[in-house]
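Okay, thanks for coming, everyone. Let me put the model up and then walk you through how its pieces pack.

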Amino acid sequence: MPETPPAPRRRRWLLPSLLGLLVFLATGVAVFWGDLVSTALDPKVPFQTYEPPPGPDYGKDTAWYLRPHSPSPRDADVFFVAPTTYDGGRNWNARLDAKRANRQFEDVMAPNYVGPFVSVGRVFAPRYRQASLYTLTTLREDAREARQFAYGDVRDAFRWYIDQDNGGRPFFIVGVEQGGTLATRLLAEEVARDPLLKGRLVAAYLVDTVVPADAPPIGPCVERRQAGCLAAWAPVYEGDFDAAKRLLDRALVWTPDGRLDNLAPRPALCWNPILGAVTDQPAPARLHLGAANATGLEWGARPAFMARQVSAYCGGGVLHVTKPKSSSLKQAGSWADRRKAPGFNLFYADLEADAKARLAAWRAR
């Protein structure tokens with residue numbers, strides 16, 4: 001019968017085994033963490049049998065993130081379609097009163113992405129029953145239907161704005177990430193088909209958005225001082241060799257009958273924010289006017305600009321951007337936060353200057 005090893009020897013053997021097990025478990029969790037979180041965000045109910053949250057009444061202030069009431073010296077407007085802030089879980093589409101999602105818009109998305117446009121116009125930013133972050137991580141038909149459903153709110157908000165608030169003023173349309181995809185359809189169905197509205201459109205900026213180059217909803221901005229045009233781009237960091245392919249392989253664009261379908265193998269449109277044009281010419285960092293991290297700033301406060309942080313060029317329908325130098329321009333936060341629009345804007349000052357130039361061009365036209 002084998003002898004039982006002495007207690008100290010057993011402890012020496014047990015400790016490395018436990019450490020090895022903990023390392024194994026930690027590695028497994030790290031590798032599959034994204035899958036675990038994504039699974040937790042899955043509503044686990046077919047969209048066809050899902051009952052969406054109550055819809056907005058755009059006649060009420062509570063249906064808007066931002067809507068001006070006092071007189072403004074600005075003689076143009078900005079219609080802003082917000083990016084994804086709702087993670088998911090119980091719902092395919094966010095409740096209008098989702099506290100964490102709304103707080104993320106106010107603290108992160110508005111200062112960084114609405115901020116560049118407050119100097120050119122009054123801002124109208126509707127709340128809408130946005131599709132959850134989970135719908136952006138899967139190509140399931142349920143997820144596509146949730147994103148198509150979100151468009152109905154954005155369309156209704158735009159129609160209300162045009163009928164009740166616009167008053168014949170020139171306007172910009174700005175959409176970021178999910179908001180950019182929804183704004184693409186808005187341009188095609190509400191603006192491009194109406195000569196009067198199309199004539200009042202100063203420019204459309206679709207940030208972090210893939211748009212088909214062979215059928216954009218309106219003509220692209222091919223030079224700096226052009227009005228009534230479209231600026232759309234989807235960025236990847238230079239050196240991540242698979243990022244562009246992954247981005248375009250998963251990109252969904254609108255079909256003429258209002259469905260979301262894969263972009264591939266069609267080409268994507270790429271506008272360079274540093275050069276202010278659709279071009280494959282590289283933009284050196286010396287031309288970069290400034291990035292900004294405005295997260296947490298009081299609304300209306302102007303952030304400090306960080307110029308010459310990045311260079312960029314369009315290649316294969318994607319904007320290739322060098323990694324910024326400042327540590328405040330690094331994506332951070334939870335797994336979910338790192339898959340949303342970043343909490344900074346690499347082209348804050350560039351977009352502000354571009355919007356002012358296009359408004360001047362619209363007036364001159």
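**The sheet and what sits on it**

So, five bridges link strand β5 (residues 201–207) to β6, and the two run parallel. Here strands are DSSP E runs of at least two residues, helices are H or I runs of at least four, both numbered from the N terminus, and two strands pair if DSSP finds at least two bridges between them. In that pair, Ala204 stands opposite Leu230 in β6.

Before I go on, the caveats: this is a predicted model, where local features need pLDDT of at least 70 and side-chain atom pairs count only at pLDDT 80 or more, while totals for chains, interfaces and linings use all residues. Residues are numbered from 1 along each chain as its sequence is written, and side-chain values use heavy atoms, with hydrogens and water left out.

Zooming out, six strands make an open sheet in the order β1-β3-β2-β4-β5-β6, with mixed pairing. At the edges are β1 (64–66) and β6 (229–233), each pairing on one side only. On average, neighbouring strands in this sheet are turned by 20° against each other, direction ignored.

Now, which strands does α3 touch? α3 packs on the sheet against β1, β2 (77–81), β3 (122–126) and β4 (171–176), and its direction makes about 165° with that of β2. α4 packs on the sheet too, touching β2, β4, β5 and β6, at about 140° to the direction of β4. Contact means heavy atoms within 4.5 Å; axes are lines fitted to C-alpha atoms, for helices over the stretch in contact, and angles run from 0 to 180 degrees between N-to-C directions.

Those helices also meet each other. The axes of α3 (residues 141–166) and α4 (residues 178–191) come within 9 Å and cross at roughly 55°. The contact includes Tyr151, Val154 and Phe158 of α3, and Leu182, Leu186 and Val191 of α4.

Leaving out residues up to four places away in sequence, Asn102 touches Tyr65, Leu96, Asp97 and Arg127.
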